[in-house]
Amino acid sequence: MTTTENKSIVGRALAGLVDTGDVDTLASFLSEDFIHHRSDSTTSTRTQWLAAVRAALGPTVGMRVDILHLLADGDHVVVHSRRRLPDTGPEIVVVDVLRIAEGSIVEAWEVIEPAAHATANGTWWNPAV
């Protein structure tokens with residue numbers, strides 16, 4: 001698959017989820033042996049991750065998702081987004097790195113940062129005061 005095709009797969013997989021909460025379309029783009037990695041070193045299977053996505057739809061109803069970048073390099077696609085809950089709800093910045101093989105998403109890595117913490121995280125190496 002080409003870089004452009006891989007980017008298209010991710011774009012189509014996310015479109016329904018972002019627009020209407022369509023988890024089934026997202027699921028159709030995941031391989032059966034899909035693995036989701038988080039920055040806290042936890043992983044989940046396809047079934048576990050889809051269950052978590054479905055569970056999150058209730059508390060995040062009305063969430064605005066702005067995809068800022070959708071970049072691809074070979075079999076990897078990177079999605080950089082800002083997500084905010086309605087009204088004055090919290091805002092997060094998310095970077096997802098997805099690996100594509102044979103037309104399916106086989107692996108994903110996710111890094112989430114609360115936007116309000118960005119300044120403090122810019123000097124993470126300094127000891128806490």
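Predicted model: local features only at pLDDT ≥ 70, side-chain atom pairs only at ≥ 80, totals over all residues.

In secondary structure, the chain contains four helices and six strands. Their order along the sequence is α-α-β-β-α-β-β-β-β-α.

Let me turn to overall dimensions. A compact globule of 129 residues would have a radius of gyration near 14 Å, and the chain, at 15 Å, agrees with that. Along the principal axes, the C-alpha atoms occupy a box of roughly 50 × 30 × 25 Å. Ser 28, which belongs to helix α2, and Gly 122 are separated by 94 residues in sequence and by 38 Å in space, C-alpha to C-alpha. Ser 28 counts as exposed because its relative accessible area is 53%, where the cut-off for exposed is over 50%.

As for burial, 28% of the 129 residues count as buried. If we take contacts between residues at least 6 apart in sequence, 37% of them join residues at least 24 apart.

I now come to the charges. The chain carries 10 positive and 17 negative side chains, and the centres of these two sets lie 4 Å apart. How many salt bridges does a search of the whole structure find? The search finds seven.

The bridge I will take up to begin with pairs Arg 54 with Asp 24, at 2.8 Å from N to O. Arg 54 sits in helix α3, residues 46-57, and Asp 24 in helix α2, residues 23-28, so this pair ties together parts that are 30 residues apart in sequence. Arg 54 is partly exposed, with 40% relative accessibility, whereas Asp 24 is exposed, at 55%.

Next, consider Asp 66. This residue forms a salt bridge with Arg 64, in which the closest N and O atoms are 3.1 Å apart. Arg 64 counts as partly exposed, at 48% relative accessibility. Asp 66 also forms a salt bridge with Arg 84, with 3.3 Å between the closest N and O atoms. Why does the pair of Asp 66 and Arg 84 tie together parts that are 18 residues apart in sequence? The reason is that Asp 66 lies in strand β3, residues 64-73, while Arg 84 lies in strand β4, residues 76-84. Arg 84 is partly exposed, its relative accessible area being 25%. Through shared partners, salt bridges join Arg 64, Asp 66, Arg 82, Arg 84 and Glu 91 into one network.

My last topic is backbone geometry. Most residues other than glycine have a negative phi.

Ser 41 has a positive phi, near 75°. Its place is the loop between β1 (30-38) and β2 (43-45). Ser 41 counts as exposed, with 67% relative accessibility.

Asp 87 likewise has a positive phi, near 60°. Where is Asp 87 found? Asp 87 is found in the loop between β4 and β5, the latter strand covering 91-101. With a relative accessible area of 80%, Asp 87 is exposed.

That concludes my presentation, and I thank you for your attention.

How values were computed:
Residues numbered from 1 in each chain as written. Heavy atoms only, no water. Helix = DSSP H or I, 4+ residues; strand = E, 2+ residues; numbered from the N terminus. Rg over C-alpha atoms; globule rule 2.2 N^0.38 Å. Buried < 20%, exposed > 50% of the residue type's maximum accessible area, 1.4 Å probe, protein only. Contact = heavy atoms within 4.5 Å. Lys, Arg positive; Asp, Glu negative; His and termini not counted. Charge placed at Lys NZ, Arg CZ, Asp CG, Glu CD. Salt bridge = Lys/Arg side-chain N within 4 Å of Asp/Glu carboxyl O.
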